[in-house]
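Please consult the sequence and coordinates alongside the text.

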Amino acid sequence: GHCRLLCKPSALAQHLVRSLGRSAALRGGRWSWPSWPRLQMLWQLLQPPEPEPVVARELLQLSDTGLIALDWLVGPWGAAGGGGGVSSPVLLLIPNAAGKVTGGLLQLGLRALERGFIPVIFNRRGHNGCPLTTPRLQPFGDPGDLREAVTYLRCRHPSASLLAVSEGSGSGLLLAYLGESGSSSRLAAAACLSPIFRGRDWFEARMPWLYEWPLLLHLKQGLSRYVGALAEVVDMDRLLGSRSLRELEETLFCRTWSRPTSWESYWERNEPLRDADEAAVPVLCLCSADDPVRGPLAQSLPRELFRSSPYFFLLLTPHGGHCAFPRRGPGRCWAHEAVLEYFRAMAEFLRTEERRKGLPRPR
């Protein structure tokens, strides 16, 4: 399917090439609109999932009394976690940085549910109807809340493999978590769909208005619910009057009343790849060369990272837009099938290595 896998040569890379090469997800079945990536992007944002999933929400209180929401996708079995058993893998789904749970992300959760995974959506504090109990939101690349969520999931499903997949700008949070946590991430594998690798450049370059304005309005709508609480820390008139995602991000996290900081200092702490060399979990990044949101291919893809790190794999396709990767027939997004095949291949490789080395399975 004209895809290329960029990575450092290793036994894991060879196994991944064989597994993805056999996968039907990467062969044919594409839609005939490769030259319209912006239309693909709009389709991805607006498409409803089929069928509409039922979600069971769980609120998790954090160490600073803030709340995040975990939405467990419920299948026809009538219980959170679908048909998965006690040791079924848990798949943590991370929406984009605006908290927009797209139809594509829900569709991926449904596909995973059908295959025995336990899918759960991570909602940041104040996003997607999650109550805001502290006058603080989560910065772009601050993995603190995600770390507490992973710890909780590990305690709730101690014998299950824990996997994570992020969509679009939400990958900044997942990549930051993997780098900052290193070998203590508690994840078995991760995947990023159309990730944003360089956060500051992405905000400063601006995006197509078809993408930026819907997300900006989505964020403002959510923030307007907490005008009273947030007025203690930020200028709400300026915040709700923001005309770009950069202006909103800068007002919310840099121009605070109590602890103002510079735009440069903010990104020193929040760049997704600031600790990428410390990552110790296999990560598959699915990217399209014609992605209109990520930015120019030459400047926005850290190719050297994939050449030097044994944990980062880049599956690059010439067409697919931003998080769309369309195809005809059931599923409508071939990247979802590729991600699930990747997780299956990773589990197979780890089992083979354990048998070869005679290692006991971790408890």
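The model is predicted. Strand β5 (residues 118–123) is largely enclosed by the rest of the structure, because six of its six residues are buried. I118, V120 and F122 point one way from the strand, while P119, I121 and N123 point the other way. In general, the side chains of a regular strand alternate between the two faces of the sheet.

Strand β3 (residues 67–74) runs antiparallel to β5, and four bridges join the two; L70 has F122 as its bridge partner in β5. Strand β4 (residues 90–94) pairs with β5 in the parallel sense, also over four bridges, and here L92 is partnered by V120. The chain passes from β4 to β5 by way of helix α3 (residues 103–114), forming a right-handed β-α-β crossover.

## Helix α5

Helix α5 (residues 171–181) is mostly covered, with ten of its eleven residues buried. Among these buried residues are L173, L174, L175, Y177 and L178, together with G172 and G179. Just after the helix, G182 adopts a positive phi of about 60°.

T317 belongs to strand β9 (residues 312–317) and counts as buried because its relative accessibility is 1%. The side chain of T317 reaches the backbone oxygen of H319 at 3.3 Å. T317 and L286 are 31 residues apart along the chain, and their C-alpha atoms are separated by 7.9 Å.

D290 is located in the loop between β8 (283–288) and α12 (297–300). Although buried, D290 has no salt bridge: R294, the nearest side chain of opposite charge, is 7.3 Å away. The side chain of D290 instead makes a polar contact with the side chain of S288 at 2.3 Å, and one of its polar atoms lies 3.3 Å from the backbone nitrogen of G320.

## Cysteines

The structure holds zero disulfides. C285 is in no disulfide, and the nearest cysteine sulfur, that of C192, is 4.5 Å away. C285 counts as buried because its relative accessibility is 0%, whereas C3, at 25%, counts as partly exposed.

## Salt bridges

The whole structure contains 21 salt bridges. One of them joins the side chains of D64 and R136, at an N to O distance of 3.9 Å. D64 lies in the loop between β2 (54–61) and β3, and R136 in the loop between β5 and α4 (144–156), so this pair ties together parts that are 72 residues apart in sequence. Both residues are partly exposed, D64 with a relative accessible area of 32% and R136 at 33%.

R200 meets two glutamates. Its salt bridge with E204 has an N to O distance of 2.8 Å; because they are four residues apart in helix α6 (residues 199–205), E204 and R200 are separated by about one helical turn. R200 is partly exposed at 25% relative accessibility, and E204 is partly exposed at 34%. The salt bridge between R200 and E264 is 3.4 Å, N to O. This second pair links distant parts of the chain, with E264 in helix α11 (residues 263–270) and R200 in helix α6, 64 residues apart. E264 is partly exposed, at 41% relative accessibility. Elsewhere, salt bridges that share partners join D64, R125, R136, D142 and D145 into one network.

Conventions:
Residues are numbered from 1 along each chain as its sequence is written. This is a predicted model: local features need pLDDT of at least 70, side-chain atom pairs count only at pLDDT 80 or more; totals for chains, interfaces and linings use all residues. Side-chain values use heavy atoms; hydrogens and water are left out. Buried means under 20% relative accessible area, exposed over 50%, partly exposed in between (1.4 Å probe, protein chains only). A polar contact is a pair of N or O atoms within 3.5 Å; within protein, one must be able to donate a hydrogen and the other to accept it, and residues adjacent in sequence count only if both atoms are side-chain atoms. Lys and Arg count as positive and Asp and Glu as negative; His and the chain ends are not counted. A salt bridge is a side-chain nitrogen of Lys or Arg within 4 Å of a carboxyl oxygen of Asp or Glu. A disulfide is a pair of cysteine sulfur atoms within 2.5 Å. Two strands pair if DSSP finds at least two bridges between them. A crossover is right-handed if, with the strands pointing away from the viewer, the path from the first strand over the helix to the second runs clockwise.
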